[in-house]
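Take a look at this structure.

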Amino acid sequence: MGFRDALKSGRTVITTDVIPPKGTDLSKRLASLQEISGRVDGINITDMPSANLRMSALAMSVKVRELGFDPILQITCRDRNRLSLQAELLGAHVLGVSNLLLLSGDDVDKSDHPGVKSVFDLGSVTLIEAARGLEKGHDLGGNAIKGAPDFCVGAALDPDKEPQGAEIDKAWDKIKAGTEFFQTQPIFDVASFASFLEKMGKTEVPIIAGVFLITSAKMARFFNDNVPGVTIPDNIVREFDESADPLKTGVEVTARLARELKEMCAGIHIMMVSDLHNLIPDILKQSRLV
Amino acid sequence: MIVAEAKPLEEILDSLKGMSKVLVAGCGGCVAVCLAGGEKEVGIMASALRMKRELAGEPLVTVEETLTRQCDPEYVKELGKKLDGVDCILSMACGVGVQFLAEHYPDMWVVPALNTKFAGATIEHGLWEERCGLCGECVLAQTGGVCPVIRCAKSLLNGPCGGSQNGKCEVKPNACAWQLIYDRMKSLGRLEQLVEVAEAKDWSKSRDGGPRQVVREDVKIDG
């Protein structure tokens with residue numbers, strides 16, 4: 001069953017992500033993913049997070065698909081104009097990559113290429129419209145295209161943002177533009193997420209709640225100091241401070257959050273920065289997702 | 001200077017729908033020089049709006065005031081005295097002035113009358129042209145006083161593209177910026193300077209990353 005069918009099945013969907021390598025050596029990444037063969041419904045391939053140069057997410061999506069997974073290609077508006085974005089969408093379709101997570105993209109201020117120029121010709125909402133337009137057989141210029149693609153289009157949701165009003169309005173804009181699923185930024189405060197969902201109001205669009213595998217107190221503090229829109233509560237940071245086995249604590253914390261979140265969401269999206277996909281089966285077991 | 005031009009009257013009328021008393025605020029700075037938003041243009045705009053609204057059977061009251069500059073808190077303060085009964089301010093300044101009024105009068109609806117176009121100069125009476133891309137790190141010393149960032153259609157920094165023909169740009173009837181640079185460097189005997197390869201530009205000095213600031217500690221007034 002592919003990701004789109006899993007979304008429609010009504011059971012809790014499981015996704016994870018992988019950051020393409022800096023270079024051409026895919027061996028570690030692909031080996032890490034092989035640990036979760038048959039355990040997830042889709043794998044997000046990130047598009048140069050923090051504006052650091054990485055291998056093309058589309059190329060890596062194809063490689064991930066060859067392993068038997070259903071890739072979810074992330075595309076940001078930071079590095080391409082509307083021509084290049086639409087070209088990427090058409091190319092993804094012919095390469096068998098049909099699940100998309102369409103994003104505005106991180107700013108370039110923390111890039112490993114200081115001085116790089118960002119594009120942002122489109123934003124996430126207009127990029128969703130572009131994908132849906134191509135499906136209907138026309139590009140953003142209003143021109144007909146020959147051979148329309150077919151996508152499962154998703155968008156991001158940032159429930160930790162304060163105040164929440166603008167984020168909720170934007171979520172509804174994304175729904176209007178044609179998103180058919182949401183994946184959220186990492187959630188560490190379940191009560192606050194529940195209140196966000198209540199404020200947002202009922203939607204038929206499935207929401208896949210994001211959890212992030214933290215593996216040390218240092219990483220937790222780094223998130224709090226450097227990652228906008230993500231706040232890790234003090235009690236969780238303390239758990240890592242007091243832990244003799246931070247990796248085990250990371251699995252426990254992630255599983256605990258996933259167990260609570262699955263009750264209010266259509267799925268769980270397990271994010272990480274390193275090749276620790278081998279811990280996913282444990283997270284799923286402890287969160288009673290298998 | 002900042003060069004601007006009036007929006008179509010219909011668009012302005014649309015933005016003033018439902019308003020019965022409008023303060024038309026001019027600016028005596030750049031937009032007065034480029035004949036878009038000074039005292040004279042404020043008078044013309046206010047009467048055009050009144051006439052159109054009169055014809056539509058929805059009369060409009062206008063108040064006219066032209067500040068020395070809308071981008072200076074000292075002058076913007078003066079507008080407060082004119083706001084009695086006003087529903088909306090129509091700013092005839094550049095985008096800076098519009099935002100400055102909105103910031104200083106948080107309870108007031110402020111709309112623009114102009115489209116802010118570029119940083120440029122008067123070429124002849126009635127013709128203004130862009131000269132500066134406000135990129136934050138001037139390259140004019142390397143390019144003989146002709147800016148490739150804004151005058152080359154592709155902002156190329158190492159010579160012309162393949163579309164430059166007979167000194168003209170491929171996309172506009174303008175002169176090719178790199179032809180201008182080459183000719184000027186040649187006439188000044190500095191062609192060897194053009195052989196130097198310019199590195200990829202540092203766009204972090206430009207507008208990427210949000211609004212920029214210039215801070216001058218030496219002229220700041222404490223307290």
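The second largest cavity is lined by A:Asp17, A:Val18, A:Ile19, A:Arg29, A:Met272, A:Val273, A:Ser274, A:Asp275 and A:His277. This is a predicted model: local features need pLDDT of at least 70, side-chain atom pairs count only at pLDDT 80 or more, and totals for chains, interfaces and linings use all residues. Residues are numbered from 1 along each chain as its sequence is written, chains are lettered from A in the order in which they are written, and side-chain values use heavy atoms, without hydrogens and water.

**Cavities**
- A cavity is a set of points on a 1 Å grid over the protein atoms alone where a 1.4 Å probe fits but cannot get out; lining residues have an atom within 4 Å of a point.
- The second largest cavity has a volume of about 40 Å³.
- Its lining has four nonpolar, two polar and three charged residues.
- The count comes to three cavities of 30 Å³ or more.
- The largest cavity has a volume of about 110 Å³.
- Of its 15 lining residues, the closest to its centre are B:Cys152, B:Ala153, B:Cys161, B:Cys169 and B:Cys176.

**Helix H4 of chain A**
- H4 (residues 82–94) has 13 residues and reaches 19 Å from its first C-alpha to its last.
- A:Leu85, A:Gln86, A:Glu88, A:Leu89, A:Gly91 and A:Ala92 are buried in H4(A) (under 20% relative accessible area, 1.4 Å probe, protein chains only).
- At the start of H4(A), a side-chain oxygen of A:Asn81 reaches to within 3.1 Å of the backbone nitrogen of A:Leu83.
- Just after H4(A), A:Gly96 takes a positive phi of about 80 degrees.

Conventions
Helix = DSSP H or I, 4+ residues; strand = E, 2+ residues; numbered from the N terminus. Expected span 1.5 Å × (residues − 1). Buried < 20%, exposed > 50% of the residue type's maximum accessible area, 1.4 Å probe, protein only. Polar contact = N/O pair within 3.5 Å; in protein donor to acceptor, adjacent residues only side chain to side chain. 1 Å grid on protein atoms, 1.4 Å probe; cavity = no way out; pocket = protein on both sides within 12 Å on 5 of 7 lines; lining within 4 Å. Points joined across faces, edges and corners; volume = space filled by probe spheres on them. Nonpolar A, V, L, I, M, F, W, Y, C, P; charged D, E, K, R; others polar.
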